[in-house]
Amino acid sequence: MAIRSLLLPLALLALAASSAAVANLEIGFYSKTCPDAEKIVREEMAKIIAAAPSLAGPLLRLHFHDCFVRVHDLHVLVFLLLLIIKCMLTCLHATQIKLQGCDASVLLESTDGNVPEKDAKPNKSLRGFGSVERVKAKLEAACPGIVSCADVLTLMSRDAVVLAKGPFWPVALGRRDGRVSSATEASNELPPASGDVPLLAKIFASKGLDLKDLVVLSGAHTLGAAHCPSFADRLYNTTSENGTSGLVDPSLDSEYADKLRLKCKSVDDRTMLSEMDPGSFKTFDTSYYRHVAKRRGLFRSDAALLFDATTKDYVQRIATGTFDGDFFRDFSESMIKMGDVGVLTGAEGEIRKKCHVLN
């Protein structure tokens with residue numbers, strides 16, 4: 001057991017280093033320019049979570065919503081057909097287009113002529129922006145213009161999990177802040193809470209994440225609470241704006257549904273919150289999977305995990321409560337992968353002085 005406990009952090013360090021190399025990130029990136037960066041973030045996060053333990057989930061969600069809004073690095077293939085005398089030459093030209101991923105674009109405020117990610121419908125309930133600015137201000141005071149908001153958010157999400165009694169993982173740094181933020185892209189690319197596994201798997205695959213990452217990162221729902229509109233369509237017969245009808249979700253445990261109706265009086269109730277992991281929503285643990293296994297996952301996307309053989313097997317395995325260490329390791333690995341999605345590095349983007357506005 002002692003050997004295994006020693007090997008786990010070493011394995012995560014190796015994974016972080018190898019994944020970072022692909023993304024041009026680096027463990028200890030600020031060791032010379034801002035050597036206390038991670039310490040500053042950690043200490044400020046300890047104060048933030050001590051004062052408001054329920055912020056752990058929202059800060060983790062902020063990072064997730066930031067990383068998932070991007071378009072792939074695309075290689076656009078342009079075929080140029082040139083007729084030279086009697087021959088035809090086909091020239092293949094590849095142009096790399098670098099667009100956003102984990103680049104703190106979710107933190108940007110609206111400007112004239114631009115509606116940013118944070119104003120997209122799926123992001124209306126995001127919280128924790130003030131905490132990010134608070135940590136960034138501490139870093140600016142110590143190391144002006146050095147640490148990006150993208151790195152700040154990545155570190156804060158890791159520390160939020162640790163402070164909620166979850167796992168620690170090494171974070172490779174060197175991300176730059178993006179200059180583009182689009183509400184339309186956020187609406188189109190974020191995984192919907194109503195999604196089934198085929199749809200969610202397709203979205204995850206477009207970010208370089210696989211089916212295991214999907215079921216593992218769903219475990220983040222062990223932290224936080226959600227407003228009624230994100231799940232109340234499972235509780236009532238409804239008719240949407242486009243005229244389609246929805247029925248009470250039979251995959252939801254009936255007793256749990258009755259309890260939820262006591263809080264959410266209608267699908268339009270935007271005032272009440274329900275814990276995503278009832279009884280444990282401030283603690284990072286595996287009880288989320290036990291709820292899902294009992295058909296008590298809050299979202300349709302949670303319930304959907306039981307309708308795919310691979311994700312169902314993982315849910316039921318972790319729900320036994322005997323593989324908590326495996327889930328912690330898996331979650332750490334998936335977070336390392338997600339944190340490298342579509343990052344800007346080198347001379348790309350900028351280092352914002354304040355996270356909510358461009359320099």
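Predicted model: local features only at pLDDT ≥ 70, side-chain atom pairs only at ≥ 80, totals over all residues.
Biologist: Why is histidine 65 called buried?

Modeller: Buried means under 20% relative accessible area, and histidine 65 has a relative accessibility of 9%, so histidine 65 counts as buried.

Biologist: Where is histidine 65 placed, and which residues does histidine 65 touch?

Modeller: Histidine 65 sits in helix α3, which spans residues 56-67, and, leaving aside residues up to four places away in sequence, histidine 65 touches Glu117, Pro122, Asn123, Leu126 and Leu190. In UniProt, the annotation "active site", from an unreviewed entry, covers His65, and such annotations may be inferred rather than shown by experiment.

Biologist: Why is histidine 221 called partly exposed?

Modeller: Partly exposed is the class between buried, under 20%, and exposed, over 50%; the relative accessible area of histidine 221 is 21%, and therefore histidine 221 is partly exposed.

Biologist: What does UniProt list for His221, and where is histidine 221 placed?

Modeller: UniProt lists His221 for "binding site", again in an unreviewed entry, and the place of histidine 221 is in the loop between α8 (211-217) and β3 (225-227). Not counting residues up to four places away in sequence, histidine 221 touches Met276, Asp277, Tyr288, Phe299, Ser301 and Asp302, where touching means heavy atoms within 4.5 Å.

Biologist: How do you know how many contacts in the protein join residues at least 24 apart in sequence?

Modeller: Taking the contacts between residues at least 6 apart in sequence, 74% join residues at least 24 apart.

Biologist: What is found when the whole structure is searched for cavities of 30 Å³ or more?

Modeller: The search finds one cavity of 30 Å³ or more, and about 90 Å³ of space lies in the largest cavity. Twelve residues line the largest cavity, and the closest to its centre are Val171, Arg175, Met335, Ile336 and Gly339.

Biologist: What makes up the lining of the largest cavity, in terms of nonpolar, polar and charged residues?

Modeller: The lining divides into seven nonpolar, three polar and two charged residues.

Biologist: How much accessible surface does the protein have?

Modeller: The accessible surface comes to about 17,400 Å², and 59% of that surface belongs to carbon and sulfur atoms.

Conventions
Residues numbered from 1 in each chain as written. Heavy atoms only, no water. Helix = DSSP H or I, 4+ residues; strand = E, 2+ residues; numbered from the N terminus. Buried < 20%, exposed > 50% of the residue type's maximum accessible area, 1.4 Å probe, protein only. Areas by Shrake-Rupley, 256 points an atom, 1.4 Å probe, with all protein chains shown as cover. 1 Å grid on protein atoms, 1.4 Å probe; cavity = no way out; pocket = protein on both sides within 12 Å on 5 of 7 lines; lining within 4 Å. Points joined across faces, edges and corners; volume = space filled by probe spheres on them. Nonpolar A, V, L, I, M, F, W, Y, C, P; charged D, E, K, R; others polar.
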